[in-house]
Amino acid sequence: MKLSRTAFIIVLIVFNIAIDQISKVIVRAQVIPGSESEILGDYLTLHNVENTGAFLGMGSDFNPTLRLILLLILPIGVLGYVLYYIIKNKTLDRLSLIGFCCIIGGGIANVYDRIMYGSVTDFLHIDLGGVFRTGIFNVADMSVMLGMGLLLYSNFKTNKKEKASN
């Protein structure tokens, strides 16, 4: 059975949301808030942090009205537009479509947290001995980053093909 394009989009977005929300339910239930546990030594650690801001806590000190506008209303509008765009634009290549679906799914998952809990649950941290270090993040953040990576890769591939044909 082959999914229609729209069904594929919906399934991929819902999958991203579900994986994120399931992971957060487990973390909220099993990990003590503010704690730190080793998964792979000091390289990958598990936490339970409630982030009232956006990426890496940015915006957590904004006044409530500004936070509402920048962290809920604006993202909902942008996510709605991008969803409309990918459903209407039938010329998108498969990688770009998957990338946009990952971004939308991750974005919706974090917006859902802000609406339901007033914050976003973050729980993973990577520290590769100071060479590479992240803030504390979640599965939705990974979806968004994967989506951005797929869009960049697809764009690079498309540009390379266009240059080769000229």
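When I call a residue buried, I mean that its relative accessible area is under 20%, whereas exposed means over 50% and partly exposed lies in between. Please keep in mind that what we are looking at is a predicted model.

With that in place, let me begin with Lys24 and Asp20, both of which are buried. Their side chains meet in a salt bridge, at 2.7 Å from N to O, and the two residues sit four apart in helix α1, about one turn of the helix.

Lys24 also forms a salt bridge with Asp113, where the closest N and O atoms are 2.6 Å apart. This pair links distant parts of the chain, since Asp113 belongs to helix α3, residues 94-117, and Lys24 to helix α1, 89 residues away. Asp113 is counted as buried because its relative accessible area is 0%.

Arg28, at a relative accessible area of 24%, is partly exposed. Taken together, Asp20, Lys24, Arg28 and Asp113 are linked in a network of salt bridges.

Let me turn to the packing of helices. Helix α1, residues 5-30, packs against α2 at an angle of about 145 degrees, with the axes 10 Å apart, and the crossing is right-handed. In this contact, Arg5, Thr6, Ile9 and Ile13 of α1 meet Leu83, Ile86 and Ile87 of α2.

Notes:
Residues are numbered from 1 along each chain as its sequence is written. This is a predicted model: local features need pLDDT of at least 70, side-chain atom pairs count only at pLDDT 80 or more; totals for chains, interfaces and linings use all residues. Side-chain values use heavy atoms; hydrogens and water are left out. Axes are lines fitted to C-alpha atoms, for helices over the stretch in contact, and angles run from 0 to 180 degrees between N-to-C directions. A crossing is left-handed if the near helix is turned anticlockwise from the far one by less than a right angle, and right-handed if clockwise. Contact means heavy atoms within 4.5 Å. A salt bridge is a side-chain nitrogen of Lys or Arg within 4 Å of a carboxyl oxygen of Asp or Glu. Buried means under 20% relative accessible area, exposed over 50%, partly exposed in between (1.4 Å probe, protein chains only).
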